[in-house]
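Opening the notebook on a new model today. I want the overall picture before going down to single residues.

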Amino acid sequence: MTLPLGFVVAFDRHTRVVDGGRALLGGFPTRLLKLTPRARRLFTGRVLVVRDAAGALLADRLLETGMAHPVVGSLPAPVDPRYTVVVPVRDRPRQLDRLLRSIGPGRPVIVVDDASRESAAVAAVAARHGARLVVLVANVGPAGARNAGLRLVSTPYVVFADSDIVLDPDTVPTLLRHFADPRVAMAVPRITGLSAPATTWIERYENSRSSLDLGAHPAPVRPGTPVSWASSACVVARVDALGEGFDAGMRVGEDVDLCWRLVAAGRRVRYEPAVRAAHEHRVRLGDWLRRKAFYGTGAQPLAERHPESVAPVVFAPWSTALAAALLAGRRWSAPTAAAVLGVVTVRIARKLDGTEHPYRLAVRLTGNGTLATLSQTSALLTRHWWPLTAVGCVLSGRLRRATAVAALADIALEYRRDQATLDPLRYGVARRLDDLAYGSGVWFAALRARSGAALRPRVTR
């Protein structure tokens with residue numbers, strides 16, 4: 001499957017052109033890609049337009065490494081752009097009505113009633129909008145409900161949309177353009193909060209820090225990368241790429257599992273933040289905490305199905321040594337950390353031998369790796385391992401200081417990054433509650449399964 005002529009890609013914002021255009025540095029994990037003179041002539045600035053087989057091969061390599069992304073506005077619509085919308089729903093007739101109004105008339109829609117208690121109200125809404133209604137006599141969960149709808153789809157593409165979603169008119173047409181890449185099996189938009197004014201401080205936090213919002217930058221969705229999963233709250237997919245669809249045995253994490261199975265099969269999943277789907281966030285503290293904990297319980301079934309992809313943190317050997325030295329809080333910690341960073345910088349510079357400024361590039365890469373290590377260590381202390389951290393803080397003053405620094409630094413950095421409309425104090429409280437609830441869900445599921453698979457850090461080269 002090769003990219004078609006006219007396909008356009010542009011460099012990721014972190015991809016650097018080095019050595020006067022003779023090489024590219026970027027992707028995830030970071031790598032150096034040397035370009036032949038012929039390859040260099042294929043670029044116009046930071047953009048590559050596929051004009052021949054060589055261009056298609058290079059563009060595909062850039063997409064695969066995460067060094068570049070499709071310029072979705074320049075891609076053609078599919079030859080056959082027909083799609084069916086599948087909506088799994090249990091009760092929530094008001095939200096269902098709002099979603100179907102946003103879809104508009106003339107589109108085939110299948111509403112799958114997953115054993116609603118308000119089945120008559122759901123049926124009335126579906127009938128009012130001309131949607132096909134499928135009623136399940138037993139509650140099977142969102143994965144099973146989506147599969148029930150998928151089996152009835154006869155169009156080339158399917159849109160899965162949860163009932164608490166509102167679709168913009170250009171969301172689906174834009175996402176369909178990603179399928180100009182024959183390897184793309186699924187494309188997802190950015191999930192944001194509804195535009196209505198937030199009614200609670202929890203909703204204001206969610207509007208800036210939702211678990212479903214994957215950020216402002218396009219990305220491939222792959223395990224172990226900055227965008228490692230995508231929510232099924234709104235998805236556009238090739239029907240023939242989905243097979244049997246979601247794992248009906250999963251009540252949570254079924255969207256992550258599907259993404260990872262598609263990637264393992266050699267397909268691509270694209271995250272496209274240029275278009276959005278609005279989500280009705282939870283506004284009450286209790287509901288919100290339960291949902292966060294519920295998300296956390298998904299780590300264990302994912303660890304059972306994808307043991308190589310689930311870990312609270314992923315460290316290189318040098319990252320492990322750096323984190324251990326800093327957490328020790330001894331006199332020798334700073335010199336040891338400095339020595340580790342020095343060795344790493346030299347090793348990276350040797351791998352970049354042949355570039356014009358290997359040590360300058362190595363210092364930059366080591367700095368990026370250090371920030372990632374500190375961020376992951378902070379998450380380990382305050383989110384994934386917080387029960388162990390709490391016990392450790394009772395016994396160790398050093399750990400108390402390290403945890404306090406990690407928690408406050410995390411709030412300061414994320415508050416600025418999220419551009420939150422909430423004051424820093426309530427944002428910080430919500431941030432810590434978010435971590436405590438999610439971590440509680442991870443531990444609950446791990447203890448119930450008597451398995452630590454979802455809690456074990458992974459060390460990899």
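Predicted model: local features only at pLDDT ≥ 70, side-chain atom pairs only at ≥ 80, totals over all residues.

What does the accessible surface of the chain come to, and what share of it belongs to carbon and sulfur atoms? I get about 21900 Å², with 58% belonging to carbon and sulfur; areas are Shrake-Rupley with a 1.4 Å probe, and for residues only the protein chains shown count as cover.

Residues are numbered from 1 along each chain as its sequence is written, and side-chain values use heavy atoms, with hydrogens and water left out.

Overall shape. I count 17 helices and 18 strands in the chain (DSSP runs numbered from the N terminus: H or I of at least four residues for helices, E of at least two for strands). Along the principal axes, the C-alpha atoms fill a box of roughly 70 × 60 × 40 Å.

Burial. Of the 461 residues, 51% are buried (under 20% relative accessible area; exposed is over 50%, partly exposed in between; 1.4 Å probe, protein chains only). I also looked at contacts (heavy atoms within 4.5 Å): among those with a separation of 6 or more, 73% join residues 24 or more positions apart.

Cores. I looked for nonpolar cores, meaning sets of buried Ala, Val, Leu, Ile, Met, Phe, Trp, Tyr and Cys joined through side-chain atoms within 4.5 Å. The largest has 45 residues, and Val-112, Val-158, Phe-160, Met-186 and Leu-242 have the most contacts inside it. Helix α9 (residues 254–264) gives the largest share, 6 residues. Another core lies apart from it, with 32 residues including Leu-96 and Phe-179.

Leu-242 up close. Beyond four places in sequence, Leu-242 is in contact with Leu-150, Val-158, Phe-160, Ala-237, Leu-258 and Leu-262.

Helix α7. In residues 201–209, I find Ile-202, Glu-203, Tyr-205, Glu-206 and Ser-208 buried. Their cover includes α10 (285–297), α16 (397–418) and α17 (424–449).

Thr-377. Is Thr-377 buried or exposed? Buried, because its relative accessibility is 10%. Thr-377 sits in helix α14 (residues 358–384) and, leaving out residues up to four places away, touches Phe-315, Ala-323 and Leu-327.
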